[in-house]
Amino acid sequence: MAHYVDGFVLPVPKAKLDDYREIAETAGKVWKEHGALEYWECVADDVKPGKLTSFPQSVQLKDDEVVVFSWIIYNSREERDTINAKVMEDPRLKDMMSPDKMPFDGARMFFGGFKSIVEM
């Protein structure tokens with residue numbers, strides 16, 4: 001069965017990684033309660049700058065930051081759209097979603113939705 005995936009890459013200050021983890025744990029619970037199949041948040045461990053492109057370059061990583069790579073899996077894009085609408089209205093996340101309360105620079109985050117073509 002083909003799934004739909006939202007992917008995210010963002011820079012998080014190392015000093016705020018615990019704050020980010022707390023938000024991510026709450027967000028993961030909310031997404032799953034509203035129907036997401038899986039929710040993953042991963043911190044870069046073996047990520048180096050490239051010659052032309054790389055994860056660090058993509059988010060204009062600063063010396064005191066680390067790259068976070070995240071994804072959420074859904075049954076379909078339609079379910080993703082429905083789930084995300086519910087998540088965005090969930091009071092547990094509304095305050096956390098305010099740009100001035102996020103423990104990272106949201107302007108350097110990038111994200112998108114993807115149709116799976118191979119699943120094993």
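Is S54 buried or exposed? With a relative accessible area of 16%, S54 is buried, where buried means under 20% relative accessible area, exposed over 50% and partly exposed in between, computed with a 1.4 Å probe on protein chains only.

## Basis of the model

This is a predicted model, in which local features need pLDDT of at least 70 and side-chain atom pairs count only at pLDDT 80 or more, while totals for chains, interfaces and linings use all residues. Residues are numbered from 1 along each chain as its sequence is written, and side-chain values use heavy atoms, with hydrogens and water left out.

## Overall fold and dimensions

The protein chain has 4 helices and 4 strands, arranged along the sequence in the pattern β-α-β-α-β-α-α-β; helices (H or I, at least four residues) and strands (E, at least two) are DSSP runs, numbered from the N terminus. Along the principal axes, the C-alpha atoms fill a box of roughly 40 × 35 × 20 Å.

Of the 120 residues, 32% count as buried. Where residues at least 6 apart in sequence are in contact (heavy atoms within 4.5 Å), 82% of these contacts join residues at least 24 apart.

## Surface and charge

The accessible surface of the protein chain comes to about 8,000 Å², with 57% of it belonging to carbon and sulfur atoms; such areas come from the Shrake-Rupley method with a 1.4 Å probe, and for residues only the protein chains shown count as cover. There are 16 positive and 22 negative side chains, and the centres of the two sets lie 3 Å apart. In this count Lys and Arg are positive and Asp and Glu negative, with His and the chain ends not counted, and each charge is placed at NZ of Lys, CZ of Arg, CG of Asp or CD of Glu.

## The surroundings of S54

S54 lies in the loop between β2 (38-43) and α2 (55-58). The side chain of S54 makes a polar contact of 2.7 Å with the side chain of Q57, a polar contact being a pair of N or O atoms within 3.5 Å; within protein, one must be able to donate a hydrogen and the other to accept it, and residues adjacent in sequence count only if both atoms are side-chain atoms. A polar atom of the S54 side chain also lies 3.3 Å from the backbone nitrogen of G50. Not counting residues up to four places away in sequence, S54 touches K48 and P49.

R108 is placed in the loop between α4 (91-94) and β4 (110-115) and is buried, with a relative accessible area of 10%. The side chains of R108 and D105 are joined by a polar contact of 3.0 Å. Leaving aside neighbours within four places in sequence, R108 is in contact with V9, P11, V59, Q60, L61, K62 and E65.

Among these partners, Q60 sits in the loop between α2 and β3 (65-74) and counts as exposed at 57% relative accessibility. Q60 has a positive phi of about 50° although it is not a glycine. Most residues other than glycine have a negative phi.

## P13 in strand β1

P13 is found in strand β1 (residues 4-13) and counts as buried at 17% relative accessibility. P13 and D63 are 50 residues apart in sequence and 8.9 Å apart in space, C-alpha to C-alpha. Leaving aside neighbours within four places in sequence, P13 is in contact with D64, E65, P103 and F104.
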